[in-house]
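Here are some exercises to work through with the model open beside you. Try each task before you read its solution.

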Amino acid sequence: MTNAGFAAETDLAIEARGLWRTFKGGVEAVRGIDLAVRRGEVFGFLGPNGAGKTTTVRMLCTLLPPTKGSATVAGVDVVSEADQVRRRIGVALQEIGLDPLQTGRELLELQCGLYGIRGADGRGRTAELLALVGLTEAAERRTKTYSGGMKRRLDLASSLVHSPEVLFLDEPTTGLDPASRITVWDEIRRINDAGATVFLTTQYLEEADKLCDRLAIIDAGQIVAEGTPEVLKAGLGADVVSIALDGADPDTTQRALDGLVGLERVVPEPGGLALYVSDGAGSIAEIVRRLHLNGLRVGAISVARPSLDDVFLQATGRRLEGATDQAAMEEAPA
Amino acid sequence: MNELFLLGRRAVIAVIRLPEATIPTLFIPLFFLAVNIGQVSETFPKSTPFLEGQGYVAFQIPVSLMFAVATATSGLALVTEIDNGYFDKLLVAPIRRSSIVLGRLAADLVQGIAGSTVVLLAGIAFGAHIEAGILGAIVIVLLSASFGVAYAGFGILIALKTRNVQTTQTSFLLFFPLLFLTPNFVPFERLTPLMETLARLNPVSYVIEGLRSLVIQGWDADKIGACVLVIVAMGALLTGLSLRAIARYDR
């Protein structure tokens, strides 16, 4: 191995090789994934429900042993040195793990105690974290009285008591209202700025796009694309013209557009067609003309730069589940 | 040790903060005590030989004590935390997994001491007196609470194995046959031969006999010894299986 190669390896906060998990009954949730997450980056793990995101996180957090393959977190093996891994990671799982009978302050002080931060140090760290996540005022209330956003922020704070090197966040904004999501995003940025590597699973495209330095897209237990959001989108190299068919026949529509200048490919999607063309805006007039000549009446036609959803579509042949939900959430009042 | 103290204290606080979970576990033994005495005390007056001059309430106190301490509280608390995700939070903390179970059992000990004290005082209020004296009463409370701790391992085991709230809740029902296949209403020798055989095979019988001896007869080393032996063996078995289950949880 070269020195450069060695330096690159020690730079990794998370490394997985051929990670595989089969559950009882033969369900293969994760099928041989490789990961290389550099120290200090926010790494996104994007995929629909059931893609294998949570199973991967549980393996990396030592909650679940891999069936095959290996992984290190903060340079430590997740199976043979699980206890060492647990000292170096913070975890906020999809299910918000709070004791409803404890107050916010009690929960954080207990968490401090479990990580060996005791007495005045524990109380000080608790006060610091409560202030960080904006829960000082609610600190003496039992957590069962907290809103979803407050619970998520407290859960996040509890994963930070020991200033972990690597923070795992499993769908940290699922189920939150838009305002709470933005608060959580701000926290993630702040945590990352403070030096922690963040491994973030999400099914929200905008979240991955805005927060992540790099990301991997997982589908059916396998990684289907990996890179920075910009590189992944640029890799499509074309504008996307979306046509809502509004009852028009997809095959006839597609035939009408055959030979369109700059058309790279056509991907059918529910209720429409996605045309990948080199100059989207410049092609609109010709698309409309061809549809008119063929007597085809369609709904809306729009042009956009490729999104991560287009990357997902390109890699898997379908749109990411939840993309519609997210659009609806974004339109909903805060 | 620190984590065991922290988790034990948390579990005790939870018991105090959730009285609606504890009160029913006290209502049932007190109800049984009152009903059994009301129904049977005419049949077994103080002159009945096996009562040795006491009222039937003295004979029934150990049965109510068993009802008071043999609960699925810990198992339910644990399976609820498995369900709501807090259990995972504890599993990823750098602590011994055993402290999660032992912390729960610490709360069972406290709850058992409180519950059996209430039942014993109720028995005394109904006219029983403790033949073994105040020290005997303390031993009764400690043995009952210890039995509660030993039995709690069963609920915890079910919680860890099934991860299902309903199953853990209904596991408590398994205690009823164990409690009723005993000399709970009359001594061994007054049971039918079949029932006597079954009762003599049932370890809970010896716990009841041991506690009863302290109430009615005073200090009987053989019966107390058998009672302690059963509690220790049951505790070692069920706690041991629970600790093994949590050590192997998702591994």
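Domain bounds here come from an automatic or database domain assignment. Keep in mind that this is a predicted model: local features need pLDDT of at least 70, side-chain atom pairs count only at pLDDT 80 or more, and totals for chains, interfaces and linings use all residues. Residues are numbered from 1 along each chain as its sequence is written, while chains are lettered from A and ligands numbered from 1 in the order in which they are written.

**Exercise 1. Find the domains of chain A and describe how domain 1 of chain A meets domain 2 of chain A.**

Step 1: take the centres over C-alpha atoms; they are 36 Å apart.

Step 2: count contacts (two residues whose C-beta atoms, placed from the backbone, lie within 7 Å). Domain 1 of chain A puts in 16 residues, and domain 2 of chain A puts in 16 residues.

Step 3: see which elements take part on the domain 1 side. Helices (H or I, at least four residues) and strands (E, at least two) are DSSP runs, numbered from the N terminus. At least two residues each come from helix H8 (205-211), strand E9 (214-219), strand E10 (222-227) and helix H9 (229-234) of chain A. H8(A) has the largest share, with 4 residues.

Step 4: sort that side by class (Ala, Val, Leu, Ile, Met, Phe, Trp, Tyr, Cys and Pro are nonpolar; Asp, Glu, Lys and Arg are charged; the others, Gly among them, are polar). You get 10 nonpolar, 2 polar and 4 charged residues.

**Exercise 2. Is Asp209(A) exposed, partly exposed or buried?**

Step 1: locate Asp209(A), which lies in helix H8 of chain A.

Step 2: apply the cut-offs. Buried takes 20 or more other C-beta atoms within 10 Å of a residue's own, exposed takes 12 or fewer, and partly exposed is in between, with C-beta atoms placed from the backbone. Asp209(A) has 19 other C-beta atoms within 10 Å, so Asp209(A) is partly exposed.

Step 3: list its contacts. Leaving out residues up to four places away in sequence, Asp209(A) touches Pro229(A) and Leu308(A).

Step 4: widen the view to the chain. Of the 334 residues in chain A, 44% count as buried.

**Exercise 3. Describe how H4(B) and H6(B) pack.**

Step 1: Helix H4 (residues 73-84) of chain B and helix H6 (residues 98-125) of chain B pack at about 145 degrees, with axes 9 Å apart.

Step 2: name the residues. H4(B) uses Thr73(B), Ser74(B), Ala77(B) and Leu78(B), and H6(B) uses Arg104(B), Leu105(B), Ala107(B), Asp108(B) and Gln111(B).

Step 3: tally the classes: 4 nonpolar, 3 polar and 2 charged residues.

**Exercise 4. How far does H12(B) reach, and what covers its buried residues?**

Step 1: compare the spans. Helix H12 (residues 221-247) of chain B has 27 residues and reaches 37 Å from first C-alpha to last. That is close to the expected 39 Å, where the expected span is 1.5 Å times one less than the number of residues.

Step 2: pick out the buried residues, among them Ile224(B), Cys227(B), Val230(B) and Ile231(B).

Step 3: look at the cover, which includes H6, helix H7 (133-162) and helix H11 (203-216) of chain B.

Definitions and conventions:
Axes fitted to C-alpha atoms, helices over the stretch in contact; angles between N-to-C directions.
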